[in-house]
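Here are some notes for a colleague who is meeting this structure for the first time. Please keep the sequence and the 3D view open while reading.

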Amino acid sequence: MTTPTAPAPVVPFDPGGAADLAAARMQMALSLGWHIVLACLGVGMPALLLYTRWRAIRTGDPDHLRLAHQWARAVGVLFAVGAVSGTILSFEMGLLWPGLMGVYGEVFGFPFMLEGFAFFLEAIFIGIYLYAWNLLPPRVHLLSGVPVLIAGVASAFFVVSANAWMNQPRGFVLENGRVTRPSPWEAMFNPATPPQTIHMILAAFMVSGFLTASVYAVGLLRGRRDRYHRLGFSVPFTLAAVVTPFQILAGDYAARFLAEYQPTKLAAMEGLHRTGSHAPLTVGGVYVDDRLRYGLEIPNGLSLLVGYSPDAVVQGLDRTPPADRPPVTPVHLCFDLMVGIGFLLLLLGLWLAVNWWLRREIPRSRLFLWLAAAAGALSAIAVEAGWVVTEVGRQPWTVYGKLRTSEAVNPAPGLWLGFVFLTVIYVILTVSTVYVLRYLVRRERGAPQERVAA
Amino acid sequence: MDPAQILLAVMWVGLTLYAVLGGADFGGGFWDLLAGRSGPGMPQRRLIEHSLGPVWEANHVWLIFVLVVLWTGFPPVFAAVMSTLYIPLTLAAVGIIARGAAYAFRKSSTQLWQQRLFGGAFALSSVLTPFFLGTVAGGIASGRVPPGLAEGDLIESWINPTSLLGGVLAVGVCAYLAAVYLCDDAVRAGLPEMAEAFRRRALAAALVVGALALGGIAVLNADAPLLFAGLTGRALPLVLAGAVLGVVSLLLLRLRRYLLVRGSAVLAVATVVWGWPMAQYPYMLPPGTPYRQAAAQPVVLTTVLVVTAVGALLLIPSIVWLLIIQHRLPYEESH
Ligand code: HDD
Ligand code: HEM
Ligand code: HEM
């Protein structure tokens, strides 16, 4: 490989240059942002499948059975697409970030390895669950779905612990650019693992619940208030609504964790420049010239949240050398977005709870149903925003404090071409996935008695 | 054996399983492509779909297994291969997306034009993915991937005689395996004429792969002398065994002993897959990087090995159950 010595302008073939680095980052963001939605469904949907299947067996109820069939069919498609989008990610870890994997693969490859086993079990049992519906006795069939749920949650735990390691790299010593004394277990159970994995797994259940419910919320809006639609709405919505308050607590835990372990990221999330007490909490705003402008400021807010007292000192960006600061505005806005959506979804859950308590029915208010129909997309947006906070907030580091993104990237020229190419593929994939899922919904409406075959 | 050697063997078992299980899935797509126009090709496509149905997802996890073992156990090799060969690998990855998604979509769509569109994408990518993976193997085996990040030639490392041979052979092997499996599946589905059709294809594919392999000897002699020396040296017993098994499979096919061909064809492919590392041992990236130099620290290797052993205890019974179910699945049920 030839490397130009003079600082090259951003031209198509600029080995390891700015255009290729930007393309690699965008490609990673695109593929992960895509995969994460499917991954959430892969973690959460099995719970819904199992619940409806179990009710159907217990009570012989046809509506539960119909839901169980219908969701199994959707999972068949979603799982396949989730699996391929995940396979691409494993390629991309090497195609885009060989500088990360070549040095640190032996340290944090271990959770990926465990994840591989979890996938295997998931793929095997999903095959059994979907295809052996009429072959196995109902109870055995139900049980064959249990490993899918366990493996899905486990794989989320493993892969997020690998990500947590990038935030809190542990379990190795670096000598002359080579890793020595690696400890895979210590790497996997790094300090960031508990807050991140808990928050992510809860997010997966929220997304699965709210997204599934939103399909039926649309039906309810169109006046289909039969029992099938009511159940299809209330079962997943209840799951997600119950998880929401815990998710907010978990998010609070994650933020407190950052205050102690990654204060630079917290400062970027809050757009705080000056280290000191009486730190304000700012909602919205744009960060220019070391200051958040046009935001809504709550005096002492941040100090109160972090240290329960206006005198609590919060570290700002001024303690970090300018070259090591992440971009502030996107991190800050995405954080506000995630938190805002979290509280909105909490209110929505309360609305349903109060209505149920008073009238034993799903609210008839169109506003409620509209919001419920949007809740699926909103929860997915919260996940995307949360990941932008985590990943962009870690910049310019890929491995916090150890390896910069510019050192991790593949130095080969032309990466941007791959990015363009993959973007086209993802657009096609998105359109076809949405099309096929909508088609499944419509076909189901047309022929409710159709025999199952996922 | 040291832990690195054992892990290398474990990884190669994974690769072999990917070749004989995932490979047959790709081959199914190959025959799907050649099944003819929508109307007359339908029964064949149904049979292919029937035999892929419940297993294809699990079959493809073997690839992921190989990747994670490689990046955990031999990180510099992973980094060097992925960075130098990023073009064919990106193309293979795109093939994997298109294939998996289209396969799932086609099953869920009922109209002819949809099935044609998704089916076309499924079939085409089934051919392209093994081809590009084959060129990657050829690039590594012919010593065109030096250690370090993107140190090799980005184009010549996969557009060269050995890579092209690897690509074409990979497609051929996949097609052959699939045709062999489909003979047996067709008989079990009660479709004897279909079995005959796939038998003819399996014979043709076997002859083509055989001819390619013979011609390949000349290519390797000229383009990858080190590999050639290894194949005619240390790996010779495996090469010969592969040739014998190939001939045996041909005979069994002629005799319509489909279940037995299944076995002999798998063994033939396995010998080829194992012949390659045998020929270049102890180098992972020939000519200069022996596996010992690329291996992770012993703690990592032993941890990975222990976890693999425990994982296998969980996996093997589950896979067996899946395969039993696949075999018991009535033909009509899979639609
Ligand atoms: C349904 C989704 C969802 C909702 C409602 C929330 N989050 Fe979240 N958040 C995520 C989904 C998510 C996530 C996508 O799952 C992230 C990305 C990485 C991670 O571990 O979780 C995340 C990251 C994340 C981080 C960064 C963690 C790190 O980088 O180590 C913090 C500090 C919070 N969240 C805090 C909150 C707070 C205070 C919330 C209160 C309302 C909240 N989140 C609601
Ligand atoms: C927060 C991030 C992630 C979560 C929660 C997650 C979770 C999951 C889950 C549950 C699946 C099962 C497929 C499905 O149900 O749709 C899956 C598939 C997959 N994921 Fe991810 N994943 C994440 C990120 C990643 C990353 C970063 C990689 C690779 C580097 C990756 C690689 C894969 C692979 C290879 C598969 C396919 C497995 C199969 O064939 O069954 N994932 N992921
Ligand atoms: C848990 C699994 C994950 C792993 C192992 C992982 C790993 C990585 C790696 C290696 C990079 C490139 C290096 C860097 O930019 O620092 C990256 C960047 C990025 N990832 Fe993640 N990631 C994970 C989950 C996610 C998810 C689910 C999203 C969803 C949107 C995401 C969003 C991003 C973004 C936006 C970037 C680019 C950041 C930037 O360059 O500014 N990540 N990730």
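How many residues of chain A are in contact with chain B?

1. **The interface.** This is a predicted model. In it, 70 residues of chain A are in contact with 70 residues of chain B. The two chains bury about 6,200 Å² between them, and 77% of that is on carbon and sulfur atoms. On the chain A side, Phe91(A), Phe120(A) and Tyr131(A) lose the most area to chain B. Together they make up 13% of what that side buries.

2. **Contacts across the interface.** Salt bridges between chain A and chain B number zero. Residue pairs in polar contact number six, with both partners at pLDDT 80 or more. The elements of chain A that give two or more residues to this side are H2, H3, H4, strand E2 (178–180), helix H5 (184–188) and helix H13 (415–446). H3(A) gives the most, with 22 residues. By class, the chain A side divides into 49 nonpolar, 16 polar and five charged residues.

3. **Ligand 2.** Why is this site shared between chains? Ligand 2 is surrounded by residues from chains A and B, so the site is shared. The shell has 26 residues, and His35(A), Gly42(A), Gly86(A), Ser90(A) and Phe119(A) come nearest. Two or more residues each come from helix H1 (18–59), helix H2 (62–96), helix H3 (98–131) and helix H4 (138–167) of chain A, and from helix H3 (56–73) of chain B. H2(A) gives the most, with eight residues. The shell has 17 nonpolar, seven polar and two charged residues. An N or O atom in the side chain of His35(A) is 3.0 Å from a nitrogen atom of ligand 2.

4. **Ligand 1.** This ligand is surrounded by 25 residues. The closest are His199(A), Lys265(A), Met338(A), Val383(A) and Thr390(A). The side chain of His199(A) has an N or O atom 2.8 Å from a nitrogen atom of ligand 1. A polar side-chain atom of Thr390(A) lies 3.2 Å from an oxygen atom of the ligand. Gln196(A) places a backbone N or O atom 3.3 Å from an oxygen atom of ligand 1. H7(A) gives the most to this shell, with seven residues. By class, the shell has 15 nonpolar, eight polar and two charged residues.

5. **Ligand 3.** Which residue is the single protein donor to the iron atom? The donor is Glu391(A), through OE, 2.1 Å away. Glu391(A) is found in helix H11 (residues 366–392) of chain A. H11 also supplies at least two residues of the shell around ligand 1.

Notes: Residues are numbered from 1 along each chain as its sequence is written. Chains are lettered from A and ligands numbered from 1 in the order in which they are written. Side-chain values use heavy atoms; hydrogens and water are left out. Donors are N, O and S atoms within 2.8 Å of the metal (3.2 Å for Na, K and Ca); water is not among the atoms, so sites may look incomplete. Helices (H or I, at least four residues) and strands (E, at least two) are DSSP runs, numbered from the N terminus. A residue is near a molecule or strand if one of its heavy atoms lies within 4 Å of it. A polar contact is a pair of N or O atoms within 3.5 Å; within protein, one must be able to donate a hydrogen and the other to accept it, and residues adjacent in sequence count only if both atoms are side-chain atoms. Ala, Val, Leu, Ile, Met, Phe, Trp, Tyr, Cys and Pro count as nonpolar, Asp, Glu, Lys and Arg as charged, and the others, Gly among them, as polar. Contact means heavy atoms within 4.5 Å. Buried area is the accessible area (1.4 Å probe) that two parts lose on being put together, summed over both. A salt bridge is a side-chain nitrogen of Lys or Arg within 4 Å of a carboxyl oxygen of Asp or Glu.
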